[in-house]
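This briefing describes the fold, the overall properties and one local site of the chain shown below.

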Amino acid sequence: AAAGKLLVVPVDGSHWFSIREVLDMLQQKGHEVVVVAPEVSLHIKPSKTFVMKMYPVPFTREEMDKVF
């Protein structure tokens, strides 16, 4: 973060909601934020305040919904 760039690999769920606010504040202060997340997730979605990089996972949204 001292260089103005931050790479975030979040965990889906309540932790994401907490860190999301921090990421928004860092972006407002001029930091470049990159979030790396799976293609299928419950709460992690693209935003205008950070760059989103997604990676493939071996299950679909429907399969994940069924498990939960």
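The chain contains two helices and three strands, where helices (H or I, at least four residues) and strands (E, at least two) are DSSP runs numbered from the N terminus. Along the sequence, these elements follow the pattern β-α-β-β-α. This is a predicted model, in which local features need pLDDT of at least 70 and side-chain atom pairs count only at pLDDT 80 or more, while totals for chains, interfaces and linings use all residues. Residues are numbered from 1 along each chain as its sequence is written, and side-chain values use heavy atoms, with hydrogens and water left out.

**Overall dimensions and packing**
- Taken along the principal axes, the C-alpha atoms fill a box of roughly 40 × 20 × 20 Å.
- Of the 68 residues, 31% count as buried (under 20% relative accessible area, 1.4 Å probe, protein chains only).
- Among contacts (heavy atoms within 4.5 Å) between residues at least 6 apart in sequence, 43% join residues at least 24 apart.

**Surface**
- The accessible surface of the chain is about 4,900 Å², and carbon and sulfur atoms account for 61% of that area (Shrake-Rupley method with a 1.4 Å probe).

**Ser 47**
- Ser 47 is placed in the loop between strand S2 (32-38) and strand S3 (51-55).
- The side chain of Ser 47 makes a polar contact of 2.9 Å with the side chain of Arg 20; a polar contact is a pair of N or O atoms within 3.5 Å, and within protein one must be able to donate a hydrogen and the other to accept it, with residues adjacent in sequence counting only if both atoms are side-chain atoms.
- A polar contact of 3.0 Å also joins the side chains of Ser 47 and Thr 49.

Technical notes. Buried means under 20% relative accessible area, exposed over 50%, partly exposed in between (1.4 Å probe, protein chains only).
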